[in-house]
Each structure stands twice: as structure tokens, then as C-alpha cells.
Amino acid sequence: MPQTRLLALLALGTALSGLPAAAEMPKSLNLNGATGLIDMPSGEAQEDARFTFSTALIGPVTRSSISFQITERLSASFRFQVWRDWDTIIAGDDKFEDRSFDLRYQILKEGAYLPALTIGLQDFTGEGNFSSEYLAATKNFGERLKVTAGLGWGRMGSYGGIGAPFGDRPALPESDWGTPNVDQWFRGEAAPFAGVEYKISDQWTFKAEYSSDDYALEEGRGLIERDSPFNFGFEYQRGPNMRYGLYSLYGTEVAFAFHLILDPKTRATGGVMGAAPDPVKARPARSADPEAYDGGWITQADAGPLLRKNLAKRLASDGIAIENLSYTATTAQIRIRSNRIDAGAQAIGRTARALSHVMPTSVETFEIVPVVNGMGASKVTIRRFDLEQLEYAADNGSLLRQRVTITDAGPLPANAVGDDGLYPKFRWSLKPALKLSEPLKGDVGLRLAASYDIRPGLVLSGAIYKRVLGNVDRDGAYSDSTLPHVRTDNSRYSKYADPGLEQLTLAWYARPATDIYSRVTLGYLERMHAGISGEVLWKPVDSRFALGAEVNYTRQRDTDGGFGFDEYDYDVVTGHLSAYYDFGNGYLGQLDVGKYLAGDLGATVSLDRVFANGWRVGAFATVTDVSTEEFGDGGFDKGIRFTIPMTWAMGTETRQTFGATLRTDTGDGGARVDVDGRLYESIREYHTQSLDPDWGRVWR
């Protein structure tokens, strides 16, 4: 469709409005993991921020998808599809794999008279096996019946076509695989599809549809017979998070689907289990006990060590360690490191309560400085009077935030009282580890990790990983990439580096000036590359904007996972200038411009949505001077990533997370060295834009 028509269609959705819609049925998902009927899409959108894992079995075809409702109207899906018994021309290869991205935008929300209307692009950057465009409209009739009708192009326009309103659909040349197939959008034969959903009970739903997909690809391979355009199925909803479906497809096939439905806005366990906070200890009125407000206690030689010891006892139960304590007769500054609580506001609140119990009555101002990797991330200043006055007030979180100031951490006070037992500190762990490389594809193993905090900001750390089981590619074959094999020899590392040294580094973090943070990391930076990495970040505490610069010198490691280096002795200097912007409402943007591991020059654009409880979902794309032919399948580096906090999943206080980065294909172009502890994500947790969304937890 020409751009003018597409823009006009989007503008129509913004301009039109109707009366509120009647009661609606829940939004369901189709076999592609997108909002829809059985094989066809619908005009609805999932609830904002809904995150789903889906898998479907259709004869010899498996579809595994991850979908995310980015905004109330915009959603995206990443799909990994396997056709078994493919019998390709590649000797001995009996299956074919394909990865694809989808985008959907809801032009109209359902009203009293108007249906929900969605425009969508399916597999718009792949090899064209699944490429489709569509318009779908859905209307609810009461709480039990839902009707959908739509028009599809591409694969969704392959059966029952009614003509090509926007011209013929050009072929997709192999050189364009992996890039947006813009020339094909809404071109070629258009075909209608339709369907109904009927809610039998709160758990059971019946679906029926007329499909416009002729499955020519699968029929041509003898994988699926398609005798009818009609599909039927029943779905069972088990609680809010799981949905199962059993279907009859095309008169010949039986299909099964499972959907795991997650809401990042709502904790799976309903809350975080942990010890209740101590109440704020109120001071006596000055008129009732004026001597209590005398500041003469600061002259006592043992005051500092004693206060620090008592504070440490109170904070230990919350997993909070005291880096330093400094004080005057009226002000106390405490520098803390939170080892367990995942919410910065909650760690600050617990610290403020402890100060109210331990600090003498004359101390009116509490300065709490969260420390990350030895660096003060910010300074949160709270008046003790406000704590005492607001603890039981209605809306006490908002009221306290209005009186609190968040500023740069500043230098460590000269009279700070440290703890000789805090450094050096050795920690280690042996834990199960899951490496997800595709939906339903990855490794499960054990990771032995250790760190040695030599002094504040100077950390020696390492990790060894041993695979136990998995289904990732481990054939050990050399890549046929024409670029330096900085990523595409991944299967060789998976096969031969088992067990393997993932990382062994010495990292130094510092605060050279106000609003400036720095990092230098030396050693085996990741499982494929070793060297030295340096970074500087400018990030004011209350600014949405930040700037960074990074320079790396690396050599490629041997595939055996030991201390040696690659036989080709490949080394490279890389570097990037980075700009970060917090758009508000949890949306973070990042632009990186520079030189990548294969020596290519270009830029990476990424957008993430971050939730107050630690959930993070994002997408990225990198374009460099590497051509699509040199990059290989996928055309250019792009993918999605997500992080799920274990606190959200288990309800226990922990800073552990699970996450993955999923790419359509891995190429050598656009690759960056993977360094732990990059500065922006390390310190932003305690800056204004991150503390404010979850500030209510300061009282928990």
C-alpha cells in the first residue's frame, strides 16, 4: 500500500471515536501467538503490557512465539517456526527453520457501534515464507459472542482472492531476505477471512473460522493436506495465566496450542514476601525533653563505630550493607549497598527507618546514598520530621516524595566511618542456569560464579558454565561467513567450551567528577572475546538524558573455553558513542554509533519498556556498512530482549533475574563485545526517573 494510504488509515483511527463498547469477551491468541482466532488474526489488542509465550503443534510444524503489547495499540511478536520432514536439498537436513517478526497496530478501539480495527504486518523482515499483511475488524455482541472479518495479502491472500487492489506483488529476491519487504506490503491478491468465538463458560470457548491461507508451501512438500478452508476448535482457560487449545484444521489436521500469559504490571504471587518493616521511631517533643536534642554526643570517641554497629544489625535482616557512615549533630549520611531488595525506594525506606531508631534525637536530616559497584549513585535527603509525621498519613508515599530531594551523591565525606571487615569480601555461588537462544530452544546447565571485592569499586569476578542438557546447535562446524567470525562460530564454542570459562575480569568503577561515572574492565570479558574495555558516562541524577563513550581492545578467544586465543589471532579496536533518553512511562531509548567487532561501522537503535517491578522488554536493530549478502540470513542484526525479575515470579526478596536476547539470525555484522556492569543500567536504578514510579514502596 502506498505510504499516503497507510498514513490516511492510521489518521482515521486517531480521528474516529465512538461511545464506550459493551462488555467484551477476553482477548484470545491464535496459533501464531498473536491476538486472533485460530490461524487468522483479529482486530483486538491485548491488555497493555501483556507478555505471552506460545507454542503450537500443527502436524509436522511447530510454532513458538513471544508477543508483547508495547502500548495500548501497538504490539509485536517474534516467532520461531520449524517444519519437520522438510527434505531440503541440503543432504541429511530433514527440517527447515524460520524466524520472523510481526507488528500490529490497532487503528480503532471497539465502540458501541464501531468494531476494533487492526492493521498488521506478519513476517515482514524474513525470507517471505510467512509474509502477510492484513486488516482485521472484530465486534463483541454481549459477553459471549465475538465476530471477526478481515482482508489479507501475501500468504493470507493466497486462497479465495478477490483481486489485487494495489497492484501485483513482486517477488522477494534472496538479497532482500532479512530486510523489511516494503515493496510487497498490501500488494498482490487480497482475500477475505472471517470467524466467530463463542464463550461457552468462564473456562471454555468455541472458535470457528474461514481461512484465507492455502498452505501451498506445506502442501507442496507433502507436509499438510488442505481439503477445506474451515477451522474449528475449543480452548480452555486455566486461571489468568494459561490457555490451551485443540483444533481441527483444513479438514485433515489436528493442532494443539498452549499460551502462557503474563502481566508485568501485576506480580504473579500477588506481593513480595519478606519481613515487615519496623515502625518509624518518633522522637519526644523538644519542649518535653530539650536535653535529648543536645548535640554534644558527637564529641564521644566511640560514637561513630557504635552507631554504625547498631545500624548494621538492623539493616542486615534486609540484606543491606553499610559502606560508610558520617554525621554531624544534625545530619547523618549513610552509604548503603542493597544485596537483596530489588526496589531502590524500598531499600531507602528501610534505611530511613533504621536511622530513626539508632541516630540521636538531634539528627534531623538523613542523607541516604545508594552505592553501586563502589560508586555513589545518588543522594536521597529525607527530613526525620517528615518520616514521623507522614508514616500513617493517607497517600504517604506521594506526600513524602514531595518533601524529599534527590541529588548527585557527591564525594565521600572526610569523617566517614567505614568497616574494616567489609573489604576485601569473597562471594561465590553454584546455581542452575538457563540459556535461551530461541523460544523452546536453549541449554540448561550449572554456573559456578565468584567475586572478590578488593576495595570499593575494584572487583575481581569470574564464572564457569557447564551444560547439562539442551537442544542448541552443537555441530562444531565453522561458519561460512565472509566476515571475521566474531559471532557465527557460536556452535563451536557451545561444543568445545563445555565446561568453559565464561568470564574472568578485574573491573574498576569510579566517580571522577559530579555527574560523571567511569569503568575499566580487563580480562576475559565474555566467552568469545578477551581484552580491555573502558567507559565514561555523563548522567545527572534528575535528567532524562545521558551520554556515554566506550572504547574496547579485544582478541578472540579459543573455542575450548580456556585461557588461549583463536588460531587466527583476530584482534580489533571497537568503540561507540551512546545517547540515552528516558521518554517517561517506562520507555527508554538508546542510540549507539561506532565500530563493531567485525570492523564494520554503523549504529544501533533500541527501545525498551521498563516496569517499576523490574520487568524489561525491548527491541533493537543495528545497521552497519556490512551488506545484506555479507551478513547472511537475517540481513542485519535485530532482535528482542526481555528480563523477568525473580522477585516478580517467586514473591521473595532477591535481585536475581532471568532474561534472554532473541535474534532472527546471528551474523557477524553489528556485533558488540558483551561486558558486564555497563554504567547506564548500573546506576539509573537510583536516579529520579527510576525511583519515582515505585516510590510507594518506600514505606514497605
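Is Arg678 buried, partly exposed or exposed? Arg678 is partly exposed, with a relative accessible area of 25%. The legends below describe close-up views of a predicted model.

**View 1. Salt bridge between Glu550 and Arg678.** The two side chains meet at 2.9 Å, N to O. Glu550 belongs to strand 25 (residues 545-556), and Arg678 to the loop between strand 31 (657-663) and helix 10 (679-683), so the contact ties together parts that are 128 residues apart in sequence. Glu550 has a relative accessibility of 5% and counts as buried, whereas Arg678, at 25%, is partly exposed.

View 2. The side chains of Glu681 and Arg616 form a salt bridge of 2.9 Å, N to O. Glu681 is in helix 10 and Arg616 in strand 29 (residues 616-624), so this pair ties together parts that are 65 residues apart in sequence. Glu681 is partly exposed at 37% relative accessibility. Arg616 counts as buried because its value of 17% is under the 20% cut-off. Salt bridges with shared partners join Arg519, Glu535, Glu550, Asp592, Arg672 and Arg678 into one network.

**View 3. Salt bridge between Glu133 and Arg169.** A search of the whole structure gives 44 salt bridges. In this view the side chains of Glu133 and Arg169 meet at 2.8 Å, N to O. Glu133 is buried, with a relative accessibility of 1%. Arg169 is partly exposed, with a relative accessible area of 24%.

**View 4. Aromatic pairs of Phe51.** The structure contains 24 aromatic pairs. The ring centres of Phe51 and Phe53 are 5.1 Å apart and the planes meet at 80°, so the pair is edge-to-face. Phe51 also pairs with Phe642: here the centres are 5.5 Å apart and the planes are at 55°, so the pair is tilted. This second pair links distant parts of the chain, with Phe51 in strand 1 (residues 51-58) and Phe642 in strand 30 (residues 637-645), 591 residues apart. Phe51 is buried at 1% relative accessible area, and Phe642 is buried at 3%. Ring pairs join Phe51, Phe53, Phe68, Phe611, Trp615, Phe642 and Phe658 into a cluster.

View 5. The barrel is closed by 12 strands in the order 1-2-3-4-5-6-7-8-9-10-11-12, with antiparallel pairing. On average, neighbouring strands of this sheet are turned by 20° against each other, direction ignored. Strand 9 (residues 204-210) pairs with strand 10 (residues 230-238) over seven bridges, in the antiparallel sense. Phe206 has Phe234, in strand 10, as its bridge partner.

**View 6. Charged side chains over aromatic rings.** The charged end of Arg155 sits over the ring of Tyr215, at 4.7 Å from the ring centre. Lys139 lies over the face of Phe141, 5.8 Å from the centre of that ring.

Technical notes
Residues numbered from 1 in each chain as written. Predicted model: local features only at pLDDT ≥ 70, side-chain atom pairs only at ≥ 80, totals over all residues. Heavy atoms only, no water. Phe/Tyr/Trp six-rings, centres within 6.5 Å; stacked < 30°, edge-to-face > 60°. Buried < 20%, exposed > 50% of the residue type's maximum accessible area, 1.4 Å probe, protein only. Helix = DSSP H or I, 4+ residues; strand = E, 2+ residues; numbered from the N terminus. Lys NZ or Arg CZ within 6 Å of the ring centre and 35° of its normal. Pairing = 2+ DSSP bridges. Axes fitted to C-alpha atoms, helices over the stretch in contact; angles between N-to-C directions. Salt bridge = Lys/Arg side-chain N within 4 Å of Asp/Glu carboxyl O.
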